[in-house]
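Reader: I am new to reading protein models. Please take one part and walk me through it slowly.

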Amino acid sequence: MVGEVNVKEKIWKYLMSHEIGIIGVCGIGGVGKTTVMKHIHNELLNKARNKAIEFKKVVWVTVSHPLNVFTLQDHVARAMKESLSDCWDELSRASRLMEALKKVKYALILDDVWDKFTLHSIGIPEPTMENGCKIVITSRSIDVCNYLRCQVVKVPPLPEQKSLNLFLDKVGQDVLRIPKLEEILKLMVAECVGLPLAIVVNAGSMRGVEDICEWRNALRELRQCVVDTEKDSKMRYLNV
């Protein structure tokens, strides 16, 4: 997809840049941030193995919510083959990690970051032109990206026609032969609001289904799911 390619190219350009140390890949849930970064992670690994780039370590850590400093430190330490078993508090663990990471040029991907934190509190050295290290975070929150002083790359939803094309690709073009189904199909695509994950999941669930009633029921359930998701998002916002 053209939009995804453009986002990947932009992230890759920043990764290879000497001026930018921290990149924030930002967008709403299901828009494809993790998918884009998995492609980049694999490319980094391949190029690092072939010594086409200078990173000695390419590390992927899923952070999620709520942030647990001990767990995040453990994941990073494990990737660096560093033991924190004799460190009993966040400060000593951060110090141990900091020393280990200062010895190697790394690319660190922190996926699904919801909460603000400082790199120092975890034990991650600040990327600089001198050490050549890079950090990429994926987050739904522009505030988190700005807090970490990221160069932000926004992942936009798919436009209408590309959303429809993706849905048809996953559900099968044969559905268009069924009378009155095209209208329901387009309404389902609209409810997915350009989110590739939602499109793929819903299209996949309807593959091979020809009964109009089943499609109408699926559309009704999808609309209810959207309403419930919006309510959940509002509650999360109010509880922050």
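The request and its answer follow.

Reader: Please look closely at helix H7. Which residues of H7 meet Leu-185, Lys-186, Met-188 and Val-189 in H8? And at roughly what angle do the axes of H7 and H9 cross?

Author: Start with the setting. This is a predicted model. The chain has 240 residues, and 42% of them are buried. It holds 10 helices and 5 strands. Along its principal axes, the C-alpha trace spans about 65 × 45 × 30 Å. Now count contacts between residues at least 6 apart in sequence. Of these, 70% join residues at least 24 apart.

Now to your part. Helix H7 covers residues 160-171. Take its partner H8 to begin with. The axes of H7 and H8 come within 10 Å. They cross at roughly 115°. This crossing is right-handed. From H7, the residues that meet H8 are Ser-163, Leu-164, Phe-167, Leu-168 and Val-171. From H8, they are Leu-185, Lys-186, Met-188 and Val-189. Sort the residues of this contact by class. You get 7 nonpolar, 1 polar and 1 charged.

Turn to H9. The axes of H7 and H9 come within 8 Å. Their crossing angle is roughly 35°. This crossing, too, is right-handed. On the H7 side, the contact uses Ser-163, Leu-166, Phe-167, Lys-170 and Val-171. On the H9 side, it uses Pro-196, Ile-199, Val-200, Asn-202, Ala-203 and Met-206. By class, the contact of H7 with H9 has 8 nonpolar, 2 polar and 1 charged residues.

Notice the spacing of their numbers. An α-helix has 3.6 residues a turn, so residues three or four places apart point the same way.

What links the two partners? A loop does. It runs between H8 (181-191) and H9 (196-206), and Val-193 sits in it. Val-193 has a positive phi of about 40°, although it is not a glycine.

Arg-149 has a positive phi near 60°, and it is not glycine either. Its place is in the loop between helix H6 (142-147) and strand S5 (151-154). Arg-149 is exposed, because its relative accessibility is 60% and the cut-off is over 50%.

Which residues of H2 are buried? They are Lys-33, Val-36, Met-37, Ile-40, His-41 and Leu-44. These residues cover an arc of only 135° around the axis, which puts them on the same side of H2.

One last stop. Lys-103 lies in the loop between helix H4 (90-101) and strand S3 (106-111). Its relative accessibility is 72%, so Lys-103 counts as exposed. Lys-103 and Asn-131 are 28 residues apart along the chain. Their C-alpha atoms are separated by 9.2 Å.

Now go back to H7 in the viewer.

How values were computed:
Residues are numbered from 1 along each chain as its sequence is written. This is a predicted model: local features need pLDDT of at least 70, side-chain atom pairs count only at pLDDT 80 or more; totals for chains, interfaces and linings use all residues. Side-chain values use heavy atoms; hydrogens and water are left out. Buried means under 20% relative accessible area, exposed over 50%, partly exposed in between (1.4 Å probe, protein chains only). Helices (H or I, at least four residues) and strands (E, at least two) are DSSP runs, numbered from the N terminus. The arc is that of the directions from the helix axis to the C-beta atoms. Axes are lines fitted to C-alpha atoms, for helices over the stretch in contact, and angles run from 0 to 180 degrees between N-to-C directions. A crossing is left-handed if the near helix is turned anticlockwise from the far one by less than a right angle, and right-handed if clockwise. Contact means heavy atoms within 4.5 Å. Ala, Val, Leu, Ile, Met, Phe, Trp, Tyr, Cys and Pro count as nonpolar, Asp, Glu, Lys and Arg as charged, and the others, Gly among them, as polar.
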